Each structure stands twice: as structure tokens, then as C-alpha cells.
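Please look over the sequence and the model below before reading on. The report is meant to be read alongside them.

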Amino acid sequence: MTLMRFPPQAPPNDVAQELQKTGAVIVTSLADPSVLSLIEKELRPHFEKEGEKFQNDFNGYKTLRLAALLALSPTSAELIAHPYILEIAEQILGPHCECFRLGSATAIEIWPGENAQVLHRDDDFYPYRVPGIEYQIGAMWSFNDFTMENGATQVVSESHWTGANNLDVLPEHIDVEHAVMPIGSVLIYFGSTWHGGGANTTDNPRTGVINTYALGWLRQEENQYLSVPKDIASAYPETVKRLMGYQAHGEYLGVYPGDPDNRWYEA
Ligand SMILES: O=C(O)CCC(=O)C(=O)O
């Protein structure tokens with residue numbers, strides 16, 4: 001199976017249908033380049049100051065990472081609430097929850113000499129699966145061209161939980177594709193699709209941002225209430241605040257006495 005690439009004009013419905021089938025798709029050149037360069041500018045000092053904080057056996061020792069991007073880069077909200085991605089999330093997750101939420105927002109810069117990351121499923125931290133339901137989608141945005149050589153994300157197509165070939169355990173020999181894509185593109189994949197960062201054998205870093213979205217009745221991967229200071233959170237538009245979790249899921253889940261109608265409350 002080959003990772004399907006769609007142009008930015010492709011109807012989200014077509015992309016969502018392919019995603020259901022293969023567990024991963026690419027939409028090329030979807031991001032506004034000026035948005036990417038602003039985010040990059042906002043993140044750079046943080047990469048320099050604390051990018052090594054998350055280095056470990058899983059993330060690698062030549063990879064810089066930043067978490068909870070809404071605390072660090074106001075412009076990252078443009079990608080987090082990108083209408084195209086939200087439409088796809090609505091189609092995939094919408095039928096199984098009242099509202100979906102941001103799971104995590106992470107910047108990943110793979111530096112020269114980094115090894116390929118171990119293949120994994122992002123949603124394995126949820127201890128049980130529900131038949132026929134995907135819990136999460138991820139959107140990996142390329143901030144420079146992703147190539148075979150510089151660490152384009154590795155993906156195992158059709159390995160997702162709701163796919164025809166659901167792979168609970170990855171066989172030793174498996175076809176792995178690379179999300180080779182130009183700057184500003186996005187790899188959209190399920191939380192249950194096996195994938196991992198690629199090895200970087202070039203002389204330059206590969207930079208990307210992954211935002212995940214999960215069913216609203218699941219606990220969020222990143223705690224947005226603690227990660228994003230209140231004054232920063234409250235300045236975001238309503239859509240972003242809702243994605244962060246500043247709303248109840250239906251009438252009874254995540255309710256807040258300060259908002260007795262359980263509609264939504266200000267950050
Ligand atoms: O950097 C990448 O391409 C993917 C990283 C990843 O899958 C992860 O850290 O969970």
C-alpha cells in the first residue's frame with residue numbers, strides 16, 4: 001500500500017475516507033508558509049533553551065522536543081485549529097463523542113545522526129480498545145521538506161485498529177513507508193497506526209509539529225489546564241479554548257460548578 005497524497009484542494013471527505021482505509025494519508029502544501037515561519041520563530045528560543053529536556057531512549061538523544069505548544073507559540077493555534085484538520089477529526093471522531101479535544105501539541109526536531117525511532121502506536125496509553133472505534137488522530141506538519149534521508153516519519157499503512165489488517169503486534173519484517181512531503185504538508189494518521197520518526201543521515205535538522213486530537217470522553221495526553229498559563233489560555237479564540245478542554249463533554253462529564261449550565265466556561 002502506498003501512502004496517498006492529496007492536494008490541498010481535495011475535499012476533506014475524500015481524505016477521511018482514505019484515512020479510514022489505510023490509517024495514514026498526506027495532504028501536501030496545506031499550511032500557510034507565513035504561519036509556519038512565525039511558529040518557527042516563536043519556538044526557536046525554546047528549542048535552544050529546553051529542547052533537550054525530553055531526550056530519552058524512546059525520543060532519541062539527537063532530537064529536540066517541545067511540548068504543550070500553546071504555552072510557547074501563540075501562532076501554533078493556527079495549525080491546531082486548522083479548519084481542514086478539524087473537519088477530518090469531526091468526520092472520524094465526531095460520530096463517537098460529543099466533542100473531541102486536543103490530546104497533545106509537540107514540536108520535534110530530528111538532528112543529524114539521529115537513529116530511527118522505534119515504531120509504536122500513539123494511543124497505546126489507553127488501556128482498552130473499543131471495537132470499531134479509533135480514539136485519536138495525529139497531524140504531523142512538515143516545517144521543512146521531509147525526505148527519506150532527513151527523517152521523514154515512518155508509517156505502516158493499514159496497521160490501524162479499525163483497518164482490515166489491524167496489527168496488535170508488529171511482525172519482525174514489515175513494509176515501512178516514509179512520509180516524504182514538501183514543507184507545509186501534513187501527515188494525518190490514526191493513534192493506532194504504527195509509525196515513528198525516521199533516521200536523519202543528512203547535515204540538517206528535520207523539523208515538524210504533531211498535534212493530536214482524541215475523543216472527548218478520554219483523558220487528554222497533555223494536561224492543557226496546567227501546561228498553558230491561564231492568561232495565555234484565555235487569549236485564544238473560543239475554538240482553541242474548546243479544543244484545550246474548556247468545555248464539558250455533554251451534560252455530565254468534565255463539568256464545572258462555575259458554569260452550572262455545563263455549556264462552556266472561560267479559561
Ligand atoms: O518525529 C516523527 O516523525 C514522529 C515522532 C513520533 O512518532 C513520536 O514521537 O511519537
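The coordinates come from a predicted model.

**Helix H1**

Helix H1 spans residues 12-22, and its buried residues are Val 15, Ala 16, Glu 18, Leu 19 and Thr 22. These residues lie on the same side of H1, because the arc they cover around the axis is only 165 degrees. On the face turned away from that buried side, H1 carries the exposed residues Gln 17 and Lys 21. The packing partners of the buried residues of H1 are strand E1 (4-6), strand E2 (24-27), helix H4 (83-93) and strand E8 (186-190). Just after H1 comes Gly 23, whose phi is positive, at about 85 degrees.

**Strand E5**

Strand E5 (residues 136-142) is largely enclosed by the rest of the structure, because seven of its seven residues are buried. In a regular strand, side chains alternate between the two faces of the sheet. For E5 both faces are covered, with Gln 136, Gly 138, Met 140 and Ser 142 buried on one side and Ile 137, Ala 139 and Trp 141 buried on the other. The pairing of E5 with two other strands is set out here.

| Pair | Bridges and direction |
|---|---|
| E5 and E10 (residues 206-215) | Seven bridges, antiparallel |
| E5 and E8 | Five bridges, antiparallel |

Within these pairings, Ser 142 stands opposite Gly 208 in E10, while Ile 137 stands opposite Phe 190 in E8.

**Nonpolar cores**

The largest nonpolar core holds 60 residues, of which Val 15, Leu 43, Leu 70, Trp 141, Ile 188 and Tyr 213 touch the most other members. The largest contribution to this core is that of H4, which gives seven residues. Apart from this core lies another one, of 14 residues, among them Ala 24, Ala 179, Leu 187 and Tyr 189.

**Leu 70 and Gln 224**

When residues up to four places away in sequence are not counted, the residues that Leu 70 touches include Leu 102, Gln 224, Val 228, Ile 232 and Met 244. Gln 224 is found in helix H5 (residues 224-227), and Gln 224 counts as buried because its relative accessibility is 1%. Where does the side chain of Gln 224 make a polar contact? Its partner is the side chain of Glu 222, at 3.0 Å. With neighbours within four places in sequence left aside, Gln 224 is in contact with Leu 70, Leu 102, Gly 103 and Met 244.

Methods: Residues are numbered from 1 along each chain as its sequence is written. This is a predicted model: local features need pLDDT of at least 70, side-chain atom pairs count only at pLDDT 80 or more; totals for chains, interfaces and linings use all residues. Side-chain values use heavy atoms; hydrogens and water are left out. Buried means under 20% relative accessible area, exposed over 50%, partly exposed in between (1.4 Å probe, protein chains only). Helices (H or I, at least four residues) and strands (E, at least two) are DSSP runs, numbered from the N terminus. The arc is that of the directions from the helix axis to the C-beta atoms. Contact means heavy atoms within 4.5 Å. A polar contact is a pair of N or O atoms within 3.5 Å; within protein, one must be able to donate a hydrogen and the other to accept it, and residues adjacent in sequence count only if both atoms are side-chain atoms. A nonpolar core is a set of buried Ala, Val, Leu, Ile, Met, Phe, Trp, Tyr and Cys residues joined through side-chain atoms within 4.5 Å. Two strands pair if DSSP finds at least two bridges between them.
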